[in-house]
Amino acid sequence: MNDRAGHRRARRLAIGTAVVLALAGMNGPWLYRFGTEKYHQYQINKPEYKADNGKWEVVDFPEEFRQNTIHAALLRTGKVLLVAGSGNNQENFDAKKFDTRIWDPVKGTVKKVSTPSDLFCTGHTQLSNGNLLIAGGTKRYEKLKGDVTKAGGLMIVHNENPDKPITLPAGTKFTGKENGKTFVSKDSVLVPRAKKVFDKATGVFLRNDPGIYRVYVEAQKQGKTHETGTQDNYRIQGLSGTDARNTYGIAQKLALDKKDFQGIRDAYEFDPVAEKYIKVDPMNEARWYPTLTTLSDGKVLSVSGLDDIGQLVPGKNEVFDPKTKTWTYLPKTRQFPTYPALFLMQNGKVFYSGSNAGYGPDNVGREPGVWDVDTNKFSKLPGLSDPKLMETSGTVLLAPAQDEKYMVVGGGGVGESDRSSDKTRIVDLKADDPKFVDGPTLEKGTRYPSISVLPDDSILVSGGSEDYRGRGDSNILQARLYHPETNTFEQVADPLVGRNYHSGSILLPDGRVMFFGSDSLYSDKANTKPGKFEQRIEIYTPPYLYRDSRPSLSGGPQTIERGGSGTFTSQHASTIEKVRLIRPSAATHVTDVDQRSIELKYKVSGDKITVTVPKNKNLVQSGWYMLFVDDDQGTPSKAQWVKVP
């Protein structure tokens with residue numbers, strides 16, 4: 001533990017011990033009164049307490065601006081984009097009530113933004129031009145087994161005609177040849193033409209491989225009698241002649257089983273200056289719960305998600321070209337669970353920590369490793385503790401990013417498991433033989449931890465719950481600072497608001513951290529009272545902002561090339577001990593693959609600080625960053641925004 005952390009821990013314990021001894025000598029009734037919330041507020045607002053532990057405050061949003069925030073991203077303007085979409089609310093979805101807010105943490109203002117699609121459970125990442133790429137969302141809410149009234153499921157439509165594709169409108173009827181039951185398509189489909197296959201050696205025609213397209217179908221009427229038990233071929237009503245012979249459907253069991261969420265293909269860029277969504281080409285695949293990760297060439301990888309019929313996208317990953325605004329499939333497939341934690345490494349490969357947010361088989365794509373996207377080779381990494389408890393775990397690239405060390409925090413069992421892990425696991429990807437080793441343990445098993453990299457290189461780990469979505473009133477009202485240099489946790493002030501599913505945290509340019517969301521299933525220990533979405537925003541001010549002063553930082557260029565330098569002014573230049581370039585966050589579902597804190601070399605001359613940006617494009621991806629300088633007490637400046645082209 002470093003000297004400052006040890007000093008704060010000692011003072012915290014000394015204050016607590018003094019209070020206990022003082023209270024022990026008082027009579028019962030007075031002790032009760034003195035131990036009220038009022039005294040607690042007095043204690044946590046004492047200057048020495050805040051200097052040791054920091055302080056939490058709830059932001060007072062006017063009622064009209066509150067929403068069920070699911071996604072949040074820091075924009076290059078310093079404002080925060082808060083996206084709800086339908087906010088995990090079926091009534092909002094049915095009414096097409098989709099919400100977005102922009103919050104200015106400096107002025108305290110909130111603005112409503114027109115939201116074009118249901119961006120609930122979308123994916124997002126920062127682009128080099130400062131826009132936020134947003135892709136995917138919700139086409140249909142899930143229906144639990146008891147709520148499904150019409151039998152339905154997947155229909156695979158075949159087209160054996162090699163000369164033309166065929167379009168089938170929404171409402172097309174499919175009738176089983178064996179079972180005689182009729183099902184209706186919910187969407188229009190364009191079934192591609194069949195592909196002619198020839199012998200490569202002789203050129204002789206072998207066969208036609210039919211074009212296929214998948215569509216969700218439902219029975220015309222309600223009830224169990226309309227279920228099917230086995231696979232059947234389906235003729236398509238309304239077709240005649242060769243179309244009727246060449247086009248048909250095949251479906252497995254069509255039943256009253258649970259129907260999962262369905263995704264959309266829609267994609268947008270959010271412009272932080274115009275403060276509006278700009279539509280770009282849709283993805284090739286519909287995706288609900290996808291991860292977006294920037295690649296070595298600046299293109300954006302879109303991975304996993306549930307598709308437009310509610311099934312896991314079968315490893316069909318694609319990339320977005322910011323120049324052409326178009327999407328292209330990767331040539332080979334690789335399957336991951338939804339919201340996989342994927343990070344660009346300094347060698348251009350992609351690290352998968354094993355963290356994810358849920359959907360997908362428990363035995364496919366869950367092992368951590370290094371993915372060479374170009375060759376599709378995947379090298380597994382050993383040593384992960386609690387490997388079966390990685391769902392709803394969080395992953396963070398420790399500071400400085402040059403060290404290429406990652407920490408995986410907590411996690412739980414697959415699905416609605418009540419199991420959770422108290423482990424942290426650390427992997428050094430620069431080691432000759434990288435493998436996971438355990439870091440310090442958490443006090444409790446923790447799902448949905450919020451994790452933010454701070455300008456002084458410490459890592460703030462807060463909140464989460466012991467059980468799935470906070471069941472049994474299991475929210476964890478605790479916060480810790482992890483210190484990479486000593487590999488230790490330090491307890492700090494406890495948050496005021498519980499956070500579990502649909503929550504996250506964002507580092508602000510002034511060095512504070514904002515927390516949003518939380519979506520408990522229940523609000524009591526007995527699991528009898530339905531939970532209520534947490535709409536309050538909370539701000540944590542770390543201990544480093546309760547010191548006597550903080551270094552100033554001003555002037556300097558707005559753009560610095562990789563390998564280039566820029567000179568800034570600080571009245572405290574002689575006290576500066578580190579400079580960090582921090583990429584702004586885009587967080588949702590315990591997934592934030594954007595945040596990284598990069599060490600910059602620097603020189604001081606008088607009141608001038610000249611900083612140099614590393615040359616590696618995989619370390620320093622193109623885009624906007626917050627530039628912080630820290631003094632010899634570990635106190636950061638307010639950030640200056642810098643663009644790396």
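This is a predicted model: local features need pLDDT of at least 70, side-chain atom pairs count only at pLDDT 80 or more; totals for chains, interfaces and linings use all residues.
Q: What lets two side chains pair up in the first place?
A: Side chains of opposite charge can pair when their charged atoms come close. In this structure, a search of the whole model turns up 32 salt bridges.

Q: Which residue does Glu218 pair with, and how far apart are the closest N and O atoms?
A: Glu218 pairs with Lys186, with the closest N and O atoms 3.6 Å apart. Glu218 sits in strand 16 and Lys186 in the loop between strand 12 and strand 13, so the bridge ties together parts that are 32 residues apart in sequence.

Q: Is Glu218 buried or exposed?
A: Buried means under 20% relative accessible area, so Glu218, at 15%, counts as buried.

Q: Where do Arg480 and Glu443 lie?
A: Arg480 is in strand 36, while Glu443 is in the loop between strand 33 and strand 34, so their pairing links parts 37 residues apart in sequence. Their salt bridge is 3.0 Å, N to O. Arg480 counts as buried at 12% relative accessibility, whereas Glu443 counts as exposed at 56%.

Q: How many residues apart in sequence are the parts that Arg580 and Asp457 tie together?
A: They are 123 residues apart: Arg580 lies in strand 42 and Asp457 in the loop between strand 34 and strand 35. The two side chains meet at 2.8 Å, N to O, and both residues are buried.

Technical notes: Residues are numbered from 1 along each chain as its sequence is written. Side-chain values use heavy atoms; hydrogens and water are left out. A salt bridge is a side-chain nitrogen of Lys or Arg within 4 Å of a carboxyl oxygen of Asp or Glu. Helices (H or I, at least four residues) and strands (E, at least two) are DSSP runs, numbered from the N terminus. Buried means under 20% relative accessible area, exposed over 50%, partly exposed in between (1.4 Å probe, protein chains only).
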